[in-house]
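This report concerns the structure shown below. It treats cavities, a strand arrangement and a helix contact in turn.

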Amino acid sequence: MNDLLQSVDEWGPEKIVCVSDSRSGMRGVLVVDNTARGTGKGGIRMSPTVNVAEIARLARVMTWKWAAADLFHGGAKAGIVADPSAPGKERIVRAFARKLSDQIPASYVAGLDMGMTERDAAIIQDELGDRGTAVGVPEVLGGVPYDELGVTGHGVVAALSAALELHERPMAGVRVAVQGFGAVGAAAVRRLHELGAQVVALSTVDGGVHDADGLDVPSWLARRAEYGDACVQGAPAAKRLERGEELLVDCDVLIPAAGQDVLGERVAAGVRADIIVEGANLPTTPGARAALAARGVTVVPDFIANAGGAIAAGFAMDARRSAFRPAPERILDEVAERCRANARLVLRAAREHGVDPHTAALDTAKSRVRAAMELRGRLASVEAETIGAGG
């Protein structure tokens, strides 16, 4: 606990709530990072390796993501220590929701992250008896179908278009490698193909596949639908890649859309792309970002590029208790417009001020959060500091 207290800074976290349930074996945590701009909002991650530090780190990312997208919600994240594929998941999810009933939705609205499904969001709503407790529920219950629409991948490609515009290059013919072929990666691959880009590599947890002349995207999307992550195992041996090698293929653009911290300094040194668009949360380490910037590689930060899910969640937040669904076309248009505009703003600011894009994006987000904190009286005034010093 001492380590957690020492990690608190001027931004937060405002609260860390750990919960457990002996009967179900549930262990979980909620981290509400900063609510100056609105109610805490962020997904629930379920994994056997979830820990408080990880969830706190992701909650901070949500603070910056909401602010960078200029949407009025606060940063938060939750985690459950469990195997999402093990029996008894529903009982664990219900116990988690029940134990946090004093927090949901008063200071946190539940959503989806790794290991959680639309049905899990529906279970939370059912357990707490309130449609306002969670977003990400199935469309049949009035939810926004994030994965079906491919909102995050759609936004990632829109952010890429802003980066290409800055480099005065067209989307058509650009060679792209995508790490991750899940909801985000597959949607990005589909959108890239629609816009005429050439996808030269993609990967799943089972490995990768590479073709310098471009992959047959419709065929690979069909294989993914049938075989899931195992789809890459059917590729010819000459086109197979070991897991991680997709980050190092010859390409113009790299989209890491799988796990976090996959691009450390050693891997970054071998990256051959000159534009990286972060589809996953926290895929590059600070050291890697510095090394890439020194080489002139443009990195579009995660909380700018992958904000599509957050933007769609903004629509879902408004629709929680509504009898009407938001129109999918309106959601996709807003995702593309905001991701493209925010990427353009950040990349231009980075160039003007001589800093890397991550620093420029963070400065923008921090200024918005700080302004909200000041207006709400959440920052110590000079007078209060003087009184405290003399007291």
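In what follows, Ala, Val, Leu, Ile, Met, Phe, Trp, Tyr, Cys and Pro count as nonpolar, Asp, Glu, Lys and Arg as charged, and the others, Gly among them, as polar. The model is predicted, with local features requiring pLDDT of at least 70 and side-chain atom pairs pLDDT 80 or more, while totals for chains, interfaces and linings use all residues. Residues are numbered from 1 along each chain as its sequence is written, and side-chain values use heavy atoms, without hydrogens and water.

**Cavities**

A cavity is a set of points, on a 1 Å grid over the protein atoms alone, where a 1.4 Å probe fits but cannot get out; lining residues have an atom within 4 Å of a point. Grid points are joined across faces, edges and corners, and the volume is the space filled by probe spheres set on the points. Two cavities of 30 Å³ or more are present.

| Cavity | Volume | Lining by class |
|---|---|---|
| Largest | about 80 Å³ | seven nonpolar, four polar, two charged |

The largest cavity is lined by 13 residues, of which V137, G142, G143, A316 and R320 are the closest to its centre. Around the second largest cavity lie N34, R37, T63, A67, H73, G74, G75 and V369. Two or more residues of this second lining come from each of α2 (52–68) and β4 (74–81); helices (H or I, at least four residues) and strands (E, at least two) are DSSP runs numbered from the N terminus.

**Sheet**

Five strands make up an open, mixed sheet in the order β1-β2-β4-β3-β5, where pairing requires at least two DSSP bridges between two strands. Because β1 (15–21) and β5 (108–112) are edge strands with a single partner each, one side of each has no neighbour in the sheet. Strands β1 and β2 (residues 26–34) run antiparallel and are joined by seven bridges. C18 has V29 of β2 as its bridge partner.

**Helix contact**

Helix α6 (residues 151–166) and helix α13 (residues 328–353) have axes that come within 8 Å and cross at roughly 40°. These axes are lines fitted to C-alpha atoms over the stretch in contact, with angles from 0 to 180 degrees between N-to-C directions. The contact (heavy atoms within 4.5 Å) involves α6 residues including H154, A158 and A162, and α13 residues including V335, C339 and R344. By class, this contact of α6 with α13 comprises 13 nonpolar, three polar and five charged residues.

Note on methods
1 Å grid on protein atoms, 1.4 Å probe; cavity = no way out; pocket = protein on both sides within 12 Å on 5 of 7 lines; lining within 4 Å.
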